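User: I've got a fold open on my screen and I'd like to learn how to read it. Can you walk me through a few features?

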Amino acid sequence: MSSLNRLGENTYYIDGVTNIGVYRRGENCFLIDAGLNSSAAETILGILQENGLKLEKVFLTHSHADHSGGCAYLKERTGCGIFAPGVCAQLVRYPFLIPTTLYGGYPNIKMRSPFIMPAACECAEISESDLPEGLGFTHIDGHDFEQIAFRTDDGVWFIGDAVSDKTTLGRYKISFLHNIKAHLNSLELLKTVDGKIFIPSHSAPVNEIKTLCEENIANVREVSQIIKRLCEDGITIDELIERLLDEFDIRLYIMQYELVGETARSYLSYLAEQKEIEYVFDKNKLMWKTAKSS
């Protein structure tokens, strides 16, 4: 059962499938993320009301449905402002772009499920001036087009999907990533920040973040090496997706095809930039092959 958990004088979080940050200023409060859908948002709003809190604004770490799907409900019920980083604000306003970019073309109806494409909601691009005193943000891009972490004056960091815990890394070795290089840079940045408590969106709070960052960096390096091995004799993207699903024992269904597909393409782009993978043409087939010099 979700509840309001106090982390500091003004900082709380609501535990759930997606952990939701709550920053309080008197009777007003500010949410960090909004949950998957109207049902999650209804629960969140009920908890706020039970604790005498009035919702003023929602700040999103990024645009994915499990973070933004509750925005439309919250805005309709309370009139709160909705804010997201950069291009993610446009994805919240026009969520059809999310499955379109995942698939790389017009997505069929099964690709437009609420788990991928949330309800549209008016959303503004966030700036420091939108934040209440005591709350700030830092870019930690890589998981989405853009992603931000929020820090409060209680020393609490809400870090979105920047890291997965060790159990999740073991279960889902190839977790979704949009930009591998940016993700690695963000993990290196997070290793250096000061904080008392760190709240990942999908695992328990931790008192230090460096260990989780190092485990996630190691996982990216391991997946990179596996992809290089799979590309040794040349492989198409669909063959690579198939081999990755087999390698990590992932059951194929349409959402996994989208998520693993974009992540695989992102790894190929990263490894090509590192000159560890190259593309070649075999007649009319685009093949990815481990570079001879790597």
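User: What is the strand order in the open sheet of seven strands?

Analyst: Bear in mind that this is a predicted model. When you read a sheet, follow who sits beside whom. Here the order is β1-β2-β3-β4-β5-β6-β7, and the pairing is mixed.

User: Which strands stand at the edges?

Analyst: Look for strands with a single partner. In this sheet they are β1 (4–6) and β7 (124–125), so each has one side left without a neighbour in the sheet.

User: How many bridges join β6 to β7?

Analyst: Two, and the strands run parallel; β6 covers residues 81–84.

User: OK, on to charges. How many salt bridges are there?

Analyst: The idea is to look for a side-chain nitrogen of Lys or Arg within 4 Å of a carboxyl oxygen of Asp or Glu. By that rule the count comes to six. One of them pairs Asp153 with Arg25, at 3.4 Å from N to O. Asp153 sits in the loop between β9 (148–152) and β10 (156–158), while Arg25 belongs to strand β3 (residues 20–25), so this contact ties together parts 128 residues apart in sequence.

User: What about the salt bridge of Lys228 and Glu276?

Analyst: Their side chains meet at 3.0 Å, N to O. Lys228 is in helix α8 (residues 210–230) and Glu276 is in the loop between α10 (254–273) and β12 (277–282), so the pair links parts 48 residues apart in sequence. Lys228 has a relative accessible area of 11%; the cut-off for buried is under 20%, so Lys228 counts as buried.

User: And which residue does Lys191 meet in a salt bridge?

Analyst: That's Glu188, at 3.3 Å from N to O. Lys191 is partly exposed at 24% relative accessible area, and Glu188 is partly exposed at 39%.

How values were computed: Residues are numbered from 1 along each chain as its sequence is written. This is a predicted model: local features need pLDDT of at least 70, side-chain atom pairs count only at pLDDT 80 or more; totals for chains, interfaces and linings use all residues. Side-chain values use heavy atoms; hydrogens and water are left out. Helices (H or I, at least four residues) and strands (E, at least two) are DSSP runs, numbered from the N terminus. Buried means under 20% relative accessible area, exposed over 50%, partly exposed in between (1.4 Å probe, protein chains only). Two strands pair if DSSP finds at least two bridges between them.
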